[in-house]
Amino acid sequence: MTKYADIFANGIWRHNTGLVVLLGLCPLLAVSNTVVNGLGLGLATMMTLMVTNFTVSLTRPLLRPEVRIPAYVLIIASTVTVVELLMKAWTHELYRTLGIFIPLIVTNCAIIGRAEAFASRNRPLPALADGFAVGLGFLITLVMLGAVRELVGHGTLLREAGLLFKTAGEGLQITVMPGEGKFLLAILPPGAFIALGCLVAVRNWLVARRRHVRVPREGIAPGAPRTSTT
Amino acid sequence: MNETPDASQQASVSRSALSLGLIALASAALLSWVYSLTESRIAEQERRDLLRQLQQVVPGDSFDNAMHEDVITVRHEVAFPGGQEVQVYRARRDGAPVAVAMKLRANDGYNGRIDLLVGIYEDSRISGVRVLSHRETPGLGDAIDIERSDWILSFEGKSPVQPGPDGWAVKRDGGVFDQFTGATITPRAVVDAVHRALQFFESNHDGLFSAPSQVQPGERESQDEA
């Protein structure tokens, strides 16, 4: 059981795709201008990750190492296309809003990264769990980023929820700050970078503080060691 | 090299090719299955989208034909510059012309193109205008969007004689349409594009309604199946 606990801790917190590994930033920054957009892309990415991880793990006995990367690309591309077709058919409005970023899930390095680093070395069930955990971590980051930007930029939360939840979502919008004069920068591209920077800082601060409490004499290790960029 | 590693190498290459081929085949099968599953629903969604768009500029209760399938494409370098192919959807009631909706583009927005849907009644009054997509500056030029302000509604009821040729401009240029604080280029581009479309409609009125539709009723479905 500790293995699964580890998988979840890694996916959601220790190796969070958006905040620590900093993979898949292009869609992360581009569509996180509202909570609903973030949730939509997050769910689509999570679905994709679970399916690709599971399938990649299933193909382990079949694949020779030399052809594994093209095989992963094939699996990921067809999974994303399936997700895209399903969204186009059932959540058409949301699909139109997210536009190009659904097909671009293919290029989210986090997905091929998980296929290579985890799914190709583990059995189907842990691979599925890893896909879920990493996807959830990405989803949470997207939603938090969307919440911060929407709150500052529009003064609301969950606006246009009908895109995702159809008629059930229409009453969901929460207006926190009514009236005009919102901080427009937040919903523009620079706001995405600033907000992400703040979230990364908050996470690093939490980590550093915990480390500080545990080993007060040795102080804080320089930097966040796991942070890496592609 | 002796024979054994060579043979095993060959075997491994063909095994790799085979496994890759299998995965490709499985992916293709899955994709075509999902595609056939979602195809009609996606086409239906897109048709509904289009009809919903058209009904924003031409009131849905004013016509009784399948407006989104009664369409012609026109090109006109003066009215629609930049080599555009403009779709003209025709609304009719009991076969008589009611209105058209034109999908056109203003090329001279502040940030490039602005896609517009312009609805014009048969008597050359504007029935409605909507911005379909644009990249104007948020907070300044994006007031042309119905979600940001009511500005776009100020076109309704306007015609070539009301406000007249000089009135078809933003107020800064002596016309009747408001500009936005800090953004004149965007509304100017929209006003000009709508005005040109209106003039085009007036001088081609009969031809626009009588030209045979490119999409015959039911044709779209049969194309999908082919």
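**Close-up views of a predicted two-chain model**

The model is predicted; local features need pLDDT of at least 70, side-chain atom pairs count only at pLDDT 80 or more, and totals for chains, interfaces and linings use all residues, while side-chain values use heavy atoms, with hydrogens and water left out. Residues are numbered from 1 along each chain as its sequence is written, with chains lettered from A and ligands numbered from 1 in the order in which they are written.

**View 1. Confidence along chain A.** Here pLDDT is the predictor's confidence in each residue, from 0 to 100. Chain A has a mean pLDDT of 82, and 87% of its residues reach 70 or more. Over residues 216–230 of chain A, pLDDT stays under 50. The model has 18 contacts (heavy atoms within 4.5 Å) beyond four places in sequence for this stretch. Where pLDDT is low, the predicted coordinates should not be read in detail.

**View 2. The interface between chains A and B.** In chain A, 25 residues are in contact with 22 residues of chain B. About 2200 Å² is buried between the two chains, and carbon and sulfur atoms give 69% of this area. Buried area is the accessible area (1.4 Å probe) that two parts lose on being put together, summed over both. The model scores ipTM 0.71 and pTM 0.72.

View 3. Two salt bridges are counted between chain A and chain B. A salt bridge is a side-chain nitrogen of Lys or Arg within 4 Å of a carboxyl oxygen of Asp or Glu. Arg96(A) forms one with Asp49(B), with the closest N and O atoms 2.3 Å apart. The elements giving two or more residues to the side of chain A that touches chain B are α5 (68–90) and α6 (92–98) of chain A. Helices (H or I, at least four residues) and strands (E, at least two) are DSSP runs, numbered from the N terminus. α5(A) gives the most to this side, with 12 residues.

**View 4. The fold of chain B.** Chain B has four helices and five strands. Along the sequence the pattern is α-β-β-β-β-β-α-α-α. The radius of gyration of chain B (over C-alpha atoms) is 25 Å, well over the 17 Å that the globule rule (2.2 Å times the number of residues to the power 0.38) gives for 226 residues, so chain B is more spread out than a compact globule. The C-alpha trace of chain B spans about 90 × 45 × 30 Å along its principal axes.
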